[in-house]
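I opened the notebook to look up a few backbone and packing details. The entries follow in the order I took them.

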Amino acid sequence: MIRQLLCRLVVSNTLRVCVFTYIVINTISCAHLSRWIGPLIKGEPAIFNASCPAQLEKKYAALTIDDGPSDEHMRNILKVLAENQATATFFVTGAEAEKRRALLIDIVNAGHELANHTYTDIASKKLSVEEARASLAQTHALIEDFNPVRYVRPAKGSYGKVFADIAGSEPFNYELVLGDMYTLDHLIEWSAWHNFLISRSTLNGSVIILHDSADRRRGERTTKVLSYVLPKLKRRGFEIVSLNALAEVCELRKR
Ligand SMILES: [Zn+2]
């Protein structure tokens, strides 16, 4: 009887330790976590990641960089991408894009893609119907000559049905894109945190989010993080591509 009780106690404690360890490991692994949480998030559907055929020789992840282009860091970011044969989708704000057309040309000439991040980085949920339309249209007009503009990321990732409806209908017909590999890089200044999570937790079909801005040295951090994670991901069999390139080989998933 005592032996049975002891046995049960050991088993239940072991089980608890296993469950706890599993939760901790997966909690720090943002990609896994957001793959679970994504379907539970209520609200308008957005693309978080892609489903890639398992038989492909390589794994694929899309790299997306928000808030640029900045004078201070964009060229360094482009250099690191070129050194690692990676391409990206740049979600630019209209306010930054209109000041730096030469940088937009450099981005596109290097094989990357431009997408809409509204005119300023004010949470898209706060915009009225007229403001949302104007913000999207102004930014669209600044980048539409460079490539077909297919994707929008709401500013601060914050949006509601009003913004989603405007972005998804004529004349924009955008796909709303969030991402599943987001390490709070615009808040956490410790590069090692982002290096660890992105290099370890990126999954086949992940959409990685980083930022380019002189504000709080975000662009400088992105340059550092990319220098670390791109070779690591390559060693794990990944090709890092723009959203459009990801959509060519994998199926972008909305939820
Ligand atoms: Zn932003």
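I started at the end of helix 3, where Gln-85, just after the helix, takes a positive phi of about 45°. The model is a predicted one.

I then went back into helix 3, residues 74-83, and found Met-74, Ile-77, Leu-78 and Leu-81 buried. They sit on the same side of helix 3, because they cover an arc of only 100° around the axis. I noted the general rule: an α-helix has 3.6 residues a turn, so residues three or four places apart point the same way. I looked up what covers these buried residues, and the list includes strand 2 (59-66), helix 5 (101-109) and helix 9 (218-235).

Next I checked phi elsewhere. Thr-118, not a glycine, has a positive phi of about 65°. I placed Thr-118 in the loop between strand 4 (113-116) and helix 6 (129-143). Is Thr-118 buried or exposed? It counts as buried, with 30 C-beta neighbours inside 10 Å. Arg-217, also not a glycine, has a positive phi of about 50°. I found Arg-217 in the loop between strand 8 (207-211) and helix 9. With 14 C-beta neighbours inside 10 Å, Arg-217 counts as partly exposed.

I looked for cis peptide bonds. The bond from Gly-68 to Pro-69 is cis, and Pro-69 lies in the loop between strand 2 and helix 3. The bond from Glu-170 to Pro-171 is cis too, with omega near 0°.

Last, I turned to the largest nonpolar core, which has 59 residues. Val-177 and Ile-208 have the most contacts inside it. Beyond its sequence neighbours within four places, Ile-208 is in contact with residues including Ala-61, Leu-63, Gly-179 and Ile-198.

Key
Residues are numbered from 1 along each chain as its sequence is written. This is a predicted model: local features need pLDDT of at least 70, side-chain atom pairs count only at pLDDT 80 or more; totals for chains, interfaces and linings use all residues. A nonpolar core is a set of buried Ala, Val, Leu, Ile, Met, Phe, Trp, Tyr and Cys residues joined through C-beta atoms within 7 Å. A residue is buried if 20 or more other C-beta atoms lie within 10 Å of its own, exposed if 12 or fewer, and partly exposed in between; C-beta atoms are placed from the backbone. Two residues are in contact if their C-beta atoms, placed from the backbone, lie within 7 Å. Helices (H or I, at least four residues) and strands (E, at least two) are DSSP runs, numbered from the N terminus. The arc is that of the directions from the helix axis to the C-beta atoms.
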